[in-house]
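Student: I want to learn how to read the features of a model with two chains. Can we go through them one at a time?

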There are 2 protein chains.
Amino acid sequence: MYKETHLRSILKTISWRFWATLTTTVLVFVFIGEIGLAVSIGLVEVVIKMLIYFLHERAWGAIKFGRVEIKPMVIWITGLARSGKSEIGERLTELLKKKGLKAEHLDGHTIRNLFPETGFSRQEVNEHIKRVGLLAKKLEEQGVFVVASFLSPYKESREFVRKLVDGYYEVHISTPVEVCEARDDKGIYKKARQENLPNFPGVTVKYDLPENPDLEIDTTSLSTDDAADTILDNLNGRIKL
Amino acid sequence: MYKETHLRSILKTISWRFWATLTTTVLVFVFIGEIGLAVSIGLVEVVIKMLIYFLHERAWGAIKFGRVEIKPMVIWITGLARSGKSEIGERLTELLKKKGLKAEHLDGHTIRNLFPETGFSRQEVNEHIKRVGLLAKKLEEQGVFVVASFLSPYKESREFVRKLVDGYYEVHISTPVEVCEARDDKGIYKKARQENLPNFPGVTVKYDLPENPDLEIDTTSLSTDDAADTILDNLNGRIKL
C-alpha cells in the first residue's frame, strides 16, 4: 500500500503555488492594469491558497479512485543447464524494474540453495516447481511481475504452473545441448556423463520440449542483454508496459 | 506499482478549481470592491488554471518522492489442530485489508490441498513449513502483510522462518489439547487415537512449545473475532498501522 507523505504534499503545494500565483498576478494585471495591486493580490493569494491546496492534497490522498495497479505476468524461462536462463532472468527483472514495475526474480539456483534437501527425481523436481508456481501466483496476485528461471524439464509441473497462475508467459531457451555443454565451465555436464548421474536433463533424462511456448530463444549466438530485450519487446506486444 | 489515471487527474483538477476560483474571486472583490470585475477575472482564471493544474498533476504523477510503502510483517500463527488458527488468521487478514493494507492469508489446509502429496513426517512437515516461509518472505519484500496459520509443531522450521523473514511475529494459540479435542467435529483426534496415527501433534508426537512467542492466546473461552482483535491491538503497539 502506498501512502503519500506530508513532505510530498508540502513540496507539491509550493511548486503549484509558484505557477498559480504567477498566473493570477499576470491575470489581474491584464484586467486592472495596475502592477502594484496585482502583486498585492498575488501575495495574499500565496498565503491563503497554500493552506487550501495542502488540505485538498491530503483529502485526495485518502481517495483511492483512479489509482490503478498494472496487471502483472509470470514470465517462465525454461531450458537446459547453461543455456543462459538465470542471467537472462536477472537482466529481464532489471529491465522491468527500470520501467517502474514491481518485479521479482525467482531462480532455480537461489531457491535450491535455500532448500538443499530438494532432490532431482522427476517427482521431487515436479514438487519443487509446483511450490515455486504457488510462490509466483501469490506474488502475481499482489501486483508483482515474476521472472522465473528454472530448468523445469517436465511438462506436468510446467502445466501445473500455467493453470495455477493468471498471466503465464512461457519462454523456451532452445539452445541445443551441444552448445550448452560447450559452455560448461562448472563441469556439470562432464560430471553427469562420467558418473552417469540419473535425472540430468538432456543427458540422462529427457527434457520435455515445451509444446506451445509464447517465445523461443536460441542463445547460441545471442547475448544475455539481447535475449532479455527480445523477451521485453514481445511482452510489450501483449501488454502495454 | 500504482499509476494515477487521467480521469483521476481530471476530477482532482475540477475539484481544486472550484475551491481556488472561489477564493480568487472573493480576494479580488475584497481588494477592488467591484463584483463584476472579480467574476470576470474568476472566469478567465477557471480556463487557464485548469490546464496548468492538470499538467502539474501529470508531472507530479511521474515523481516517486514522498510515496512510501508501509513496512509489513509476517504474523505466524501456530497451535494444535482445532485451536482456531485458520479462522483467526482469516479474520485477522480481513481486518488488515480493511485498514487499506495489502495482506495475504496463507493457510495450512489450503496449501496442503494444492500439494496433496505433502506428508506428515517431521522432515516433510519441516520442508513444507520452510517453503511457506520463503513464500511469506517474498510477499513481505513486496510490501504485503502475511498472516500464516499453520500447525507448525516443530521448532526447527519455525526458527528457519523467523530468520528468513524480516518482521516475524509469532502468535501461539495455546489452547490445551483437551479443549481442542472436545471441538473435534471432523473426528481427526478420534481417528488419530483409534488408528494410532504417527505424527499427530499433541497426541502421538510432541508439539514443540514456542519458547518466546510475541503473543500467546488461549481460545478456550475467546471468540475468533476477539482473538483477531487481540492480535491486531498487539501489532498496533509494535508498528503504527
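Tutor: A search of the whole structure finds 42 salt bridges over all chains. A salt bridge here is a side-chain nitrogen of Lys or Arg within 4 Å of a carboxyl oxygen of Asp or Glu.

Student: What should I know about the model and its numbering?

Tutor: This is a predicted model: local features need pLDDT of at least 70, side-chain atom pairs count only at pLDDT 80 or more, and totals for chains, interfaces and linings use all residues. Residues are numbered from 1 along each chain as its sequence is written, chains are lettered from A and ligands numbered from 1 in the order written, and side-chain values use heavy atoms, without hydrogens and water.

Student: Which residue of chain B forms a salt bridge with Glu45(A)?

Tutor: Lys49(B), with the closest N and O atoms 3.7 Å apart. The pair crosses between chains, from helix H2 (residues 35–61) of chain A to helix H2 of chain B. Helices (H or I, at least four residues) and strands (E, at least two) are DSSP runs, numbered from the N terminus. Lys49(A) and Glu45(B) also form a salt bridge, at 3.7 Å from N to O.

Student: How many salt bridges does the rule find across the interface of chain B and chain A?

Tutor: Eight.

Student: How do I read the size of an interface?

Tutor: It is often given as the accessible area lost when the parts come together. Between chain B and chain A, about 6800 Å² is buried, and carbon and sulfur atoms give 66% of that. Buried area is the accessible area (1.4 Å probe) that two parts lose on being put together, summed over both. The contact (heavy atoms within 4.5 Å) takes 67 residues from chain B and 67 residues from chain A.

Student: How are the two copies related?

Tutor: Two copies of a chain are related by a rotation about an axis and a shift along it.

Student: Why do the copies meet through the same surface?

Tutor: Because 99% of the interface residues of chain B are also interface residues in chain A.

Student: Where are the domains of chain A?

Tutor: The assignment, automatic or from a database, gives domain 1 (6–61) and domain 2 (74–238). Their centres, taken over C-alpha atoms, are 55 Å apart.

Student: Where is Pro213(A) placed?

Tutor: In the loop between helix H8 (188–194) and strand S7 (215–217) of chain A. Leaving out residues up to four places away in sequence, Pro213(A) touches Glu170(A) and His172(A).
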